[in-house]
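Subject: Structure for you to look at

Hi there,

Here is the structure I promised to pass on. Have a look at it first, and then read on for what I found.

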Amino acid sequence: MNTIIEQEARYCAHNYHPLPVVLVKGEGVYLWDEQGNRYLDMMSAYSAVSHGHCHPRLVQALTQQAGRLAIVSRAFHTDQLAPLLQKVCEMTGQGMALPMNTGAEAVETALKAARKWAYTVKGVAANQAEIIVCDGNFHGRTISIVAFSSEPQYRDGFGPFPAGFSSIPFGDSDALAAAITPNTAAFLVEPIQGEGGIIMPPPGYLKRCEQICRDNNVLLICDEIQTGLGRTGALLASDHDGVRPDGVILGKALGGGLLPVSMFLARRDVMEVFTPGDHGSTFGGNPLAAAVALEALKVLDEEQLVQASARMGDYFLARLAALNSPFIKEIRGKGLLIGVEFHADKVTARTVCEQLMVRGVLSKETHETVVRFAPPLLIQQAEIDTVVDALAALLAELR
Ligand SMILES: *Cc1c(COP(=O)(O)O)cnc(C)c1O
């Protein structure tokens, strides 16, 4: 047994089940292990590494800012935060932003904004606000977020949970219309469910949800932590449906694959419910994170990564579809957020991932049957060919 893996097993909480590989270096779409073996990264750290590993411009922004000013808290202004927030608001069409660090924190921020908006603007009676979510959702791991998870393992052993949430089937806009009450503050939804297994709603779903929310004075809040910033071939996945949410949550790729950076963005009148002291974060909006995130957005623009994601995603999906393998049940995705579902009785997703690893491709199963293919957005056709050829070879061997 590898000594690093043993050491980690001894000292690190067993809240993950990693593949048995010890990575020491990354560059672009590639990762290297201790023995110098090279892998194509199909995980991108759950879509946090859309810009590729150690992008030179981002590493430079990080090191330059780290040597100048890194952390002061928001007790003071810095020269880095405002330019980032203006840029991200202009790109997403939102009015204001509240910077946090991890995705779950930004989701919590959205929940707090929605509740306070319900009480102070919509006129819901104290402590009666309700937030509607979808079955199969993934919004993070805090206690209030797992309170509305439909995944038993995420909840088991962690109660009691806060109240005020209800869950409806994903992709069913009639269920949303039926679930709304006068106390409904918001509908929180992922445009494509990532951790749920790359689940795509029917066409036009989000647009209908937007109309239902408008008609009922309910906030539509899209969790784009995974789908945002080009992952699905549009800047935001909600752009595919021409939807302008009342609130948007970003994280993961916003940190350029170098730092945790997240934020909740919203219409001005929604964000204005926050007053000094209502909410905060010691590290949220720090100048180091802001410098990296601003550079990450510029790189996204200048290297046209959103367009690349759309183009390469189409190519990847077409090549996977052409495999015609009896092991494959379904191929789903948009842009470079792709899931391949295998027939549970024929092969487990874990086995596919282990076999891909041996062939120089790193991915991870989500649930028992789905393998994700979500590489950095700068992946090239030849690299996609390598991945699909590796998958084809291992499926041929399984036969
Ligand atoms: C990853 C993810 C989160 C949680 O982000 P963390 O940074 O892990 O807290 C929330 N929502 C979605 C859709 C995600 O994919």
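Glu 341 counts as buried, because its relative accessibility is 14% and the limit for that class is under 20%. Please bear in mind that this is a predicted model. The side chain of Glu 341 meets that of Lys 329 in a salt bridge, with 3.7 Å from N to O. Glu 341 belongs to strand 12 (residues 337-342) and Lys 329 to strand 11 (residues 328-334), so the pair ties together parts that are twelve residues apart in sequence.

The rest of the salt bridges

How many salt bridges does the count come to? The total is 22. One of them joins Arg 372 and Glu 195, whose side chains meet at 2.9 Å, N to O. Arg 372 is in strand 15 (residues 370-373), while Glu 195 is in the loop between strand 7 (184-189) and helix 9 (205-215), so this pair ties together parts that are 177 residues apart in sequence. Are these two residues buried or exposed? Arg 372 counts as buried at 1% relative accessibility, and Glu 195 counts as buried at 12%.

Another salt bridge runs between Asp 389 and Arg 319, where the closest N and O atoms are 3.2 Å apart. Here the pair ties together parts that are 70 residues apart in sequence, since Asp 389 lies in helix 14 (residues 381-398) and Arg 319 in helix 12 (residues 305-321). Asp 389 is partly exposed at 42% relative accessibility, and Arg 319 is partly exposed as well, with a relative accessible area of 25%.

There is also a network of salt bridges to look at. It links Lys 207, Glu 210, Arg 214, Asp 246, Arg 267 and Asp 269.

The two domains

The chain divides into domain 1, made up of 3-55 + 305-398, and domain 2, which covers 56-302. Their C-alpha centres lie 26 Å apart. In terms of contacts, 29 residues of domain 1 touch 30 residues of domain 2.

The size of an interface is often given as the accessible area lost when the parts come together. Between domain 1 and domain 2 the buried area is about 2,500 Å², and carbon and sulfur atoms give 61% of that.

On the polar side, 22 residue pairs are in polar contact across the interface of domain 1 and domain 2 (both residues at pLDDT 80 or more). Several elements give two or more residues to the side of domain 1 that touches domain 2: helix 2 (44-47), helix 12, strand 11, strand 12 and strand 15. Helix 12 gives the most, with four residues. By type, the residues on that side of domain 1 divide into 15 nonpolar, eleven polar and three charged.

The count of salt bridges between domain 1 and domain 2 is one.

Two more residues to look at

Gly 285 is found in the loop between helix 10 (268-271) and helix 11 (287-302). It is buried, with a relative accessible area of 11%. Leaving aside neighbours within four places in sequence, Gly 285 is in contact with Leu 81, Pro 99 and Met 100. The C-alpha atoms of Gly 285 and Ser 262 are separated by 8.8 Å, and these two residues are 23 residues apart along the chain.

Glu 365 has its place in strand 14 (residues 365-366). Is Glu 365 buried or exposed? At 18% relative accessibility, Glu 365 counts as buried, because the limit is under 20%. Setting aside neighbours within four places in sequence, the contacts of Glu 365 are Ala 349, Arg 350, Cys 353 and Val 370.

Best wishes

Key: Residues are numbered from 1 along each chain as its sequence is written. Side-chain values use heavy atoms; hydrogens and water are left out. Buried means under 20% relative accessible area, exposed over 50%, partly exposed in between (1.4 Å probe, protein chains only). Contact means heavy atoms within 4.5 Å. A salt bridge is a side-chain nitrogen of Lys or Arg within 4 Å of a carboxyl oxygen of Asp or Glu. Domain bounds come from an automatic or database domain assignment. Buried area is the accessible area (1.4 Å probe) that two parts lose on being put together, summed over both. A polar contact is a pair of N or O atoms within 3.5 Å; within protein, one must be able to donate a hydrogen and the other to accept it, and residues adjacent in sequence count only if both atoms are side-chain atoms. Ala, Val, Leu, Ile, Met, Phe, Trp, Tyr, Cys and Pro count as nonpolar, Asp, Glu, Lys and Arg as charged, and the others, Gly among them, as polar.
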